[in-house]
Amino acid sequence: GDSVELQIKTGLLPRGARLTLSTEDGASLGAVTPYPQGRQSNTATVPVPRSAIVDGRLRLRLQVLEPGAPARAPRPSEVQRLDLVVAPRSE
């Protein structure tokens, strides 16, 4: 009955960029955008469906999408922390 969430702390992202999260098979989990623009870091929580966890593991694909540029892997400074959290589901 618990829910699983992914807490993400990003570093500085390029202007207009967002960090997208998807499962290994390409199912979208969400995106993180800096707010306000130019902020040095941002923290977001993204719910993770149980179906995304296979054999006790969550495999993610992270990409940075910038206007006018192809999708790319994030640089080490752009993703500072990822934490998988099990939260009790409220009734």
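Colleague: What does Arg72 count as, buried or exposed?

Modeller: Let's begin with the scale: buried means under 20% relative accessible area, exposed over 50%, and partly exposed in between (1.4 Å probe, protein chains only). Arg72 has 17% relative accessibility and therefore counts as buried. One caution: this is a predicted model, where local features need pLDDT of at least 70 and side-chain atom pairs count only at pLDDT 80 or more, while totals for chains, interfaces and linings use all residues. Residues are numbered from 1 along each chain as its sequence is written, and side-chain values use heavy atoms, with hydrogens and water left out.

Colleague: Which residues does Arg72 touch, beyond those up to four places away in sequence?

Modeller: Contact means heavy atoms within 4.5 Å. Arg72 touches Pro14, Leu62, Gln63, Val64, Glu66 and Glu78, with residues up to four places away not counted. With Glu78 there is also a polar contact between the two side chains, at 2.8 Å. That term stands for a pair of N or O atoms within 3.5 Å; within protein, one must be able to donate a hydrogen and the other to accept it, and residues adjacent in sequence count only if both atoms are side-chain atoms.

Colleague: How many helices and strands are there in the chain?

Modeller: Both are DSSP runs numbered from the N terminus: helices are H or I with at least four residues, strands are E with at least two. Here the chain has 0 helices and 8 strands. Arg72 sits in the loop between strand 7 and strand 8 (79–87).

Colleague: Which residues have the most contacts inside the largest nonpolar core?

Modeller: In soluble globular proteins, nonpolar side chains tend to be buried together. A nonpolar core is a set of buried Ala, Val, Leu, Ile, Met, Phe, Trp, Tyr and Cys residues joined through side-chain atoms within 4.5 Å. The largest one here has 16 residues, and Ile8, Leu19, Leu21 and Val32 have the most contacts inside it. At least two residues of this core come from each of strand 1 (3–10), strand 2 (18–23), strand 3 (28–32), strand 4 (42–48) and strand 7 (60–65). Leaving aside neighbours within four places in sequence, Val32 is in contact with several residues, among them Ile8, Leu19, Leu21 and Thr10. Thr10 lies in strand 1 and is buried, with a relative accessible area of 1%.

Colleague: Which residues line the largest pocket?

Modeller: Picture a 1 Å grid over the protein atoms alone: a pocket is an open set of points where a 1.4 Å probe fits, with protein on both sides within 12 Å along at least five of seven lines, and lining residues have an atom within 4 Å of a point. The lining here is Thr23, Glu24, Asp25, Ala27, Ser51, Ala52, Val54, Asp55, Arg57 and Arg59. By class, that gives 3 nonpolar, 2 polar and 5 charged residues. Ala, Val, Leu, Ile, Met, Phe, Trp, Tyr, Cys and Pro count as nonpolar, Asp, Glu, Lys and Arg as charged, and the others, Gly among them, as polar.

Colleague: What is the phi of Asp55?

Modeller: Most residues other than glycine have a negative phi. Asp55 has a positive phi of about 55°, although it is not a glycine. Asp55 is found in the loop between strand 5 (53–54) and strand 6 (57–58), and its relative accessible area of 75% makes it exposed.

Colleague: And Gly26: where is it found?

Modeller: Gly26 is in the loop between strand 2 and strand 3. With a relative accessible area of 40%, Gly26 is partly exposed.
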